[in-house]
Amino acid sequence: MDKQDKQDSEPKQVKPDLQASDARPVLEGPDIARVLTRIAHEIVERAKGADDVVLLGIPTRGVFLAQRLAAKLEQITDRKIPVGSLDITMYRDDLRMHPPRALARTEIPGDGIDGRLVVLVDDVLFSGRTIRAALDALNDIGRPRAVQLAVLVDRGHRELPIRADYVGKNLPTSLRETVKVLLAEEDGRDTVLLGAKPAQ
């Protein structure tokens, strides 16, 4: 195996904004699997069978979580659950305050979202501004019967009146802390890390 092959085969490293040595895991792979199973059962119970449920993940890691939830819902209901992604880049209220960012992909299942129960899926719920942007983006696509929110971690510090309907873990944090979700599809492993926010 040459050097390049070795690099390609190694798991991706934790991004520099939160080094593993500075953080402690609050959820590991088996924990994440368990909470997604619980959320899937909660969705089926609240949606009375999930007949009209559509899952839309918010890129990047929300998309992977939505796909995992869809697989678990299929196991429970024995029915294929529509799943897609919703890019919110152009709807963010901080767009002018940051350098241009690459657009992600919006993929809406073939039957659309009109009259359906849309469950938005994201990794971390913080200020609520990402979800506000997602609701604006959704409004330009169609008219769901209802919209719900599923998140892996709710870390508090809301700036808008937004709450999650399904929460994997409520994680009280300070503003001096950072929560980082790592998923195997993007990062090579599943974990949620809590650490100190890097000095500016």
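Student: Is glutamine 148 buried or exposed?
Tutor: Glutamine 148 is buried, because its relative accessible area is 12%. Buried stands for a relative accessible area under 20%, exposed for over 50%, and partly exposed for values in between (1.4 Å probe, protein chains only). This is a predicted model, in which local features need pLDDT of at least 70 and side-chain atom pairs count only at pLDDT 80 or more, while totals for chains, interfaces and linings use all residues. Residues are numbered from 1 along each chain as its sequence is written, and side-chain values use heavy atoms, leaving out hydrogens and water.

Student: In which strand is glutamine 148 found?
Tutor: Glutamine 148 belongs to strand β5, which spans residues 146-154. Strands (E, at least two residues) and helices (H or I, at least four) are DSSP runs numbered from the N terminus.

Student: And which residues does glutamine 148 touch?
Tutor: If residues up to four places away in sequence are not counted, glutamine 148 touches Arg46, Leu117, Val118, Val119, Leu120, Asp165 and Tyr166. Contact requires heavy atoms within 4.5 Å.

Student: What is the order of the strands in the five-strand open sheet?
Tutor: The order is β3-β2-β4-β5-β6, with parallel pairing. Two strands pair if DSSP finds at least two bridges between them. At the edges of this sheet are β3 (83-85) and β6 (166-170), each of which pairs on one side only. Neighbouring strands of the sheet are turned by 25° against each other on average, with direction ignored.

Student: How many bridges join β5 to β6?
Tutor: Four bridges join these two parallel strands. One of the residues involved is alanine 150, whose bridge partner in β6 is tyrosine 166.

Student: Where is arginine 163 found?
Tutor: Arginine 163 lies in the loop between β5 and β6. This residue counts as exposed, because its relative accessibility is 60%. Apart from neighbours within four places in sequence, arginine 163 is in contact with Leu125 and Leu149.

Student: Next, the helices. Which strands does α3 lie across?
Tutor: Helix α3 lies across β2, β3, β4 and β5, and runs at about 130° to β4. For such angles, axes are lines fitted to C-alpha atoms, for helices over the stretch in contact, and values run from 0 to 180 degrees between N-to-C directions. Helix α4 (residues 129-139) also packs on the sheet: this helix touches β2, β4 and β5, and its direction makes about 155° with that of β4.

Student: How many residues of α3 are buried?
Tutor: In α3, 12 of the 17 residues are buried, so this helix is largely enclosed by the rest of the structure. After α3 comes aspartate 78, whose phi is positive, near 60°.

Student: What does leucine 69 touch?
Tutor: Leucine 69 touches Leu36, Ile39, Ala40, Ile43, Leu55, Val121 and Ala150, again not counting residues up to four places away in sequence.

Student: Which residues of the largest nonpolar core touch the most other members?
Tutor: They are Ile43, Val53, Leu55, Leu69, Leu152, Val153 and Val192, out of 34 residues in this core. A nonpolar core is a set of buried Ala, Val, Leu, Ile, Met, Phe, Trp, Tyr and Cys residues joined through side-chain atoms within 4.5 Å. Elements that each supply at least two residues of this core include α2 (29-46), β2 (53-57), α3 (61-77) and β4 (117-125). Helix α2 gives the most, with seven residues. There is also a second, separate core of 19 residues, which includes Leu86, Ile113, Leu138 and Ile162.

Student: A change of topic: what is the order of the open sheet of three strands?
Tutor: That order is β1-β8-β7, and the pairing is antiparallel. Strands β1 and β7 stand at the edges with a single partner strand each, so one side of each is left without a neighbour in the sheet. Helix α2 packs on this sheet and touches β1 and β8, with its direction at about 45° to that of β1.

Student: How many bridges join β7 to β8?
Tutor: Six bridges join β7 to β8, and valine 179 stands opposite leucine 194 in β8. Strands β1 and β8 pair over five bridges, and the partner of leucine 27 in β8 is valine 192.

Student: Why is β8 largely enclosed?
Tutor: Five of the six residues of β8 are buried, so the rest of the structure largely encloses this strand.
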